[in-house]
Amino acid sequence: MESSSPSVPFPLLQAPVESTYRACTIPYRFPSDNPRKATPVEIQWIDLFLNSVPSFRQRAENDPTVPDAPAKAEKFAQRYTAMLEEMKKNPESNGGPPDCILLCRLRELVLRELGFRDIFKKVKDEENAKAMSLFEGVVQRNDEIEDDGKRAENLIRGILAGNIFDLGSAQLAEVFAKDGMSFLASCQNLVSRPWVIDDLDAFKNKWTKKSWEKAVIFVDNSGADVILGILPFARELLRRGTKVILAANDMPSINDVTYPELAEIINKLKDENGKLAGVDASELLVANSGNDLPVIDLSSVPPELAYLANDADLVILEGMGRAIETNLYAQMKCDSVKIGMVKHPEVAQFLGGRLYDCVFKFNEA
């Protein structure tokens, strides 16, 4: 689903989009702030992106697809660091004032200018293979839960546990490099409820009473996140008669799954009859979200996705970038869920929660 047409607003956003939708959740500055002086929040976030430079440089220097990768990785680190430092002195530099979309975009631009297309490819492939080998077992455990509400909760916990695999967070990249992540242990070790935003009971109540016609799910990371978190949930929706569209990135960014990668994963998991662990998957579609960042601005999506999503009655945004740092307060015309784990202290502070706290925001139409 390559798009050549100009992008359009996501059709399920409340209209008028220009006045009711703002992609970034956390305001880095207010109209009363001095435009030429970085605010404390801007500095805090610029520092967060500065802290992640070493782990990105390390991934880049080990990219086998780029000639002279170590020298170019060093150039990336210098160039991106210089941009961030300049923004601290003058927030209007480099297309500022900064927000989380701009800070992510600049990092991707510098990487791509130097020839780096997918510096997390190796780890994504490894994690996808590992997660695919566990898929059947995870699905089987869900199927054994007879109570509808309890099964829904187990599936949601699976999405949150899978969402821990995020190499955009400096702390998690470090933990991951040391000993990988165990999906089951993560499921059991989620912080206790109530979470910082916790509408799970209201969702379970709706789940037991209603089947949605069509759901659009904006997915996040490769590996356990999409394969052991999102796909078992999508499979359950299919089993309940819901059509499911999985919207994934157009281009690589951090360890986020792209739509060609996701289509390939699903093809590998299906049996010869096109079933996903025994469930008919003919109503499961993978779409291109048109996005190339770990955050998403829904005011511009490909017309093909808009067409597919137009009559959906459930929208799910998943992951810290898409559901918390952007779109947490996005208002939809239909039922919506924003789900993710809080993986930056700065986000925890803004929400008034704990690090590794969970967000499950459910709004009925």
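The protein is divided into domain 1, residues 24–114, and domain 2, residues 124–363. Bear in mind as you read that this is a predicted model. The C-alpha centres of the two domains, domain 1 and domain 2, lie 27 Å apart, and about 1,700 Å² of area is buried between them. Across the whole structure there are 31 salt bridges, and 2 of the salt bridges run between domain 1 and domain 2.

**Where the two domains meet**

- On the domain 1 side, 18 residues make contact, and they touch 23 residues of domain 2.
- Carbon and sulfur atoms give 65% of the area buried between domain 1 and domain 2.
- For polar links, the interface of domain 1 and domain 2 has 8 residue pairs in polar contact, counting pairs with both residues at pLDDT 80 or more.
- Helix H2 (40–51), helix H3 (53–61) and helix H5 (100–113) each supply at least two residues of the domain 1 side that touches domain 2.
- Of the elements on that side, H5 gives the most, with 7 residues.
- By residue type, the side of domain 1 that touches domain 2 divides into 9 nonpolar, 4 polar and 5 charged residues.

**Salt bridges to look at**

- Side chains of opposite charge can pair when their charged atoms come close.
- Asp292 and Arg105 meet through their side chains in a salt bridge, with an N to O distance of 3.5 Å.
- Asp47 and Lys88 form a salt bridge whose closest N and O atoms are 2.6 Å apart.
- Asp47 sits in helix H2 and Lys88 in helix H4 (residues 69–89), so this pair ties together parts that are 41 residues apart in sequence.
- Both ends of that pair are partly exposed: Asp47 has a relative accessible area of 28%, and Lys88 has one of 25%.
- Asp143 and Arg239 form another salt bridge, and here the closest N and O atoms are 3.0 Å apart.
- Because Asp143 lies in helix H6 (residues 121–143) and Arg239 in helix H11 (residues 224–239), the pair ties together parts that are 96 residues apart in sequence.
- Asp143 counts as partly exposed at 27% relative accessibility, and Arg239 is partly exposed too, with a relative accessible area of 38%.
- Asp357 pairs with Arg354 in a salt bridge, the closest N and O atoms being 3.1 Å apart.
- In that pair Asp357 counts as buried, at 2% relative accessibility, whereas Arg354 is partly exposed, with a relative accessible area of 35%.
- There is also a network: salt bridges that share partners join Glu153, Arg157, Arg193, Asp198, Asp201 and Lys204.

- Beyond its neighbours within four places in sequence, Asp357 is in contact with Val191, Trp195, Val196, Gly340, Met341 and Val342.
- As a distance check in your viewer, the C-alpha atoms of Asp357 and Phe233 are separated by 21 Å, and these residues are 124 residues apart along the chain.
- Ser336 has its place in strand S8 (residues 335–341), and at 2% relative accessibility Ser336 counts as buried.
- Setting aside neighbours within four places in sequence, Ser336 is in contact with Leu314, Val315, Lys361, Phe362 and Asn363.

**Backbone details**

- The peptide bond from Ala15 to Pro16 is cis, with omega near -10°, and Pro16 lies in the segment before helix H1 (17–20).
- The peptide bond from Gly96 to Pro97 is also cis, with omega near 10°; Pro97 is found in the loop between H4 and H5.
- Ile254 is a residue other than glycine with a positive phi, near 45°.
- You will find Ile254 in the loop between strand S3 (243–248) and helix H12 (259–269), where Ile254 counts as buried at 8% relative accessibility.
- Ala277 likewise has a positive phi, near 45°, in a residue other than glycine.
- The place of Ala277 is the loop between strand S4 (275–276) and strand S5 (279–280), and at 18% relative accessibility Ala277 counts as buried, since the cut-off is under 20%.

Key: Residues are numbered from 1 along each chain as its sequence is written. This is a predicted model: local features need pLDDT of at least 70, side-chain atom pairs count only at pLDDT 80 or more; totals for chains, interfaces and linings use all residues. Side-chain values use heavy atoms; hydrogens and water are left out. Helices (H or I, at least four residues) and strands (E, at least two) are DSSP runs, numbered from the N terminus. Buried means under 20% relative accessible area, exposed over 50%, partly exposed in between (1.4 Å probe, protein chains only). Contact means heavy atoms within 4.5 Å. Domain bounds come from an automatic or database domain assignment. Buried area is the accessible area (1.4 Å probe) that two parts lose on being put together, summed over both. A salt bridge is a side-chain nitrogen of Lys or Arg within 4 Å of a carboxyl oxygen of Asp or Glu. A polar contact is a pair of N or O atoms within 3.5 Å; within protein, one must be able to donate a hydrogen and the other to accept it, and residues adjacent in sequence count only if both atoms are side-chain atoms. Ala, Val, Leu, Ile, Met, Phe, Trp, Tyr, Cys and Pro count as nonpolar, Asp, Glu, Lys and Arg as charged, and the others, Gly among them, as polar.
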